[in-house]
Amino acid sequence: PAVVWTDSITIGGDVEGDAQLVGDGVYEITGSGADVWGTSDQFHYLYKDLTGDGSISCRVTDFGTGSNTWAKGGVMIRETLDADSKHAIMCMTGGSGEGISFQGRVTGVGAGSTGMHSDITAAPPQWVKLTREGNTFTAYYSADGVAWELFTDTTPDAGHANPIDIEMAESVKIGLFVTSHA
């Protein structure tokens with residue numbers, strides 16, 4: 001069945017963006033923004049409300065033109081629409097930004113972000129998936145959207161594990177996001 005999205009918005013100040021349905025279940029999402037990182041985020045978000053457990057996956061097909069090394073696109077579960085909200089993301093990063101990344105603001109509103117990268121240097125197209133069970137968030141990736149692999153850390157300085165616990169409200173926002181990192 002088709003997803004009924006709540007809204008397509010920009011978060012974090014002076015950010016531009018848009019989301020268009022361009023095919024059967026295919027969305028083209030554009031967005032500027034400094035990043036989804038640090039203590040406050042700037043990005044474009046196509047989202048819906050989620051109460052309780054849930055999962056979201058998408059196929060990232062490309063990064064567009066002029067992408068920054070750390071441009072990001074993928075899936076997000078976010079407690080609120082505030083720029084400093086707790087969240088978890090599973091995304092593809094542009095250029096030489098290491099390919100796939102599992103990141104989040106896990107310790108509280110306005111806290112610094114943490115990330116988990118690997119030596120998996122995948123380029124689009126690639127599938128990413130994020131699952132919430134209670135306050136446990138688990139990240140996966142897939143080349144075909146059928147056979148999912150748990151995203152594992154292969155770097156010595158990972159900011160968090162997979163899965164990760166993030167205390168969030170029962171009702172959250174779940175969706176697709178992009179940031180240009182420019």
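Start by selecting T6 and D49: the T6 side chain reaches the backbone nitrogen of D49 at 3.4 Å. That counts as a polar contact, meaning a pair of N or O atoms within 3.5 Å, where within protein one must be able to donate a hydrogen and the other to accept it, and residues adjacent in sequence count only if both atoms are side-chain atoms.

A quick note before moving on: this is a predicted model, where local features need pLDDT of at least 70, side-chain atom pairs count only at pLDDT 80 or more, and totals for chains, interfaces and linings use all residues. Numbering runs from 1 along each chain as its sequence is written, and side-chain values use heavy atoms, with hydrogens and water left out.

Is T6 buried, partly exposed or exposed? T6 is partly exposed, at 42% relative accessible area (buried is under 20%, exposed over 50%, partly exposed in between, with a 1.4 Å probe and protein chains only). Now pick I174: C-alpha to C-alpha, T6 and I174 are 9.8 Å apart in space, yet 168 residues apart in sequence.

T6 sits in the segment before β1, so head there next, since strands are DSSP runs (E, at least two residues), numbered from the N terminus. Select the open, antiparallel sheet of seven strands, ordered β1-β4-β14-β6-β7-β8-β9; two strands pair if DSSP finds at least two bridges between them. Its edge strands, each pairing on one side only, are β1 (7-11) and β9 (114-117).

Finish at β8 (100-105), joined to antiparallel β9 by four bridges. There, S101 stands opposite H117 of β9.
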